[in-house]
Amino acid sequence: MATILVADDDANIRELVCLFLRNDGFDTVEAVDGKKALDLYQQTPVDLVVLDIMMPVMDGWALCKELRRLNADLPLLMLTARGETWEKVKGFELGSDDYLTKPFDPLELTARVKALLKRYKIGSTHLIQFGNVTLDRQSYKVIVGEESLTLPLKEFELLYKLAGTPGQVYTREQLIDQIWGLDYSGDDRTVDVHIKRLRERFATISDFQIETVRGLGYRLEATHD
């Protein structure tokens, strides 16, 4: 499962891009400006970045340059409202791998993302398997041994997120941002409620457990030999 960081100050663009990417089996994280994108990149494993040029605080040019400095092999796809040749040239000179002009067809975006990931040999999948558990992102079903379960959407997304990188600790804030979205205004304790429900559902039938890392957050650990 590849994780895509989407950096754009336009909430509608972020929502559209993330929707299509998730429907194609990718995991997504979001940032509203270049500075937050850079901070998020340094906190979260990311396989590709989709970044807008015109953003507040830190624009796409500066973000592209910093990301390329940090990781020479990170695939970068730039978005812009204009399509002048000089912008494309500047983007490529700063390290961008590809370029897409707004408005764009979301299907073209996902095709370019897949092409970049294939170039970097990073794949996307709808399935996660560990122990006796299979998570299917297309059907939102969980298969445990011979038993098939259907979870509420947010419970499934939370489990899928944790299972995608076993052993990695996620804070409540990261889980809220990545599953409920940046515009969520509720209490971050909702994560605790969903974790409790997942633990109760899988307490006796699965080869994993969701651990609390005191003062930090949660992680999933496989318990099978």
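Mentor: Domain bounds here come from an automatic or database domain assignment. For this protein chain, that assignment gives domain 1 (3-122) and domain 2 (127-222). The model is predicted, so local features need pLDDT of at least 70 and side-chain atom pairs count only at pLDDT 80 or more, while totals for chains, interfaces and linings use all residues. Residues are numbered from 1 along each chain as its sequence is written, and side-chain values use heavy atoms, with hydrogens and water left out.

Trainee: How many residues of domain 1 are in contact with domain 2?

Mentor: Contact means heavy atoms within 4.5 Å. Here, 13 residues of domain 1 touch seven residues of domain 2. The C-alpha centres of the two domains lie 26 Å apart.

Trainee: What is the area buried between domain 1 and domain 2?

Mentor: The size of an interface is often given as the accessible area lost when the parts come together. Buried area is that loss (1.4 Å probe), summed over both parts. In this model the value is about 860 Å², with carbon and sulfur atoms giving 44%. On the domain 1 side, R22, D27 and E30 lose the most area to domain 2, together 37% of what that side buries.

Trainee: Which side chains meet in a salt bridge?

Mentor: A salt bridge is a side-chain nitrogen of Lys or Arg within 4 Å of a carboxyl oxygen of Asp or Glu. The count between the domains is one. K161 and D27 form a salt bridge at 2.8 Å, N to O.

Terms used:
Buried area is the accessible area (1.4 Å probe) that two parts lose on being put together, summed over both.
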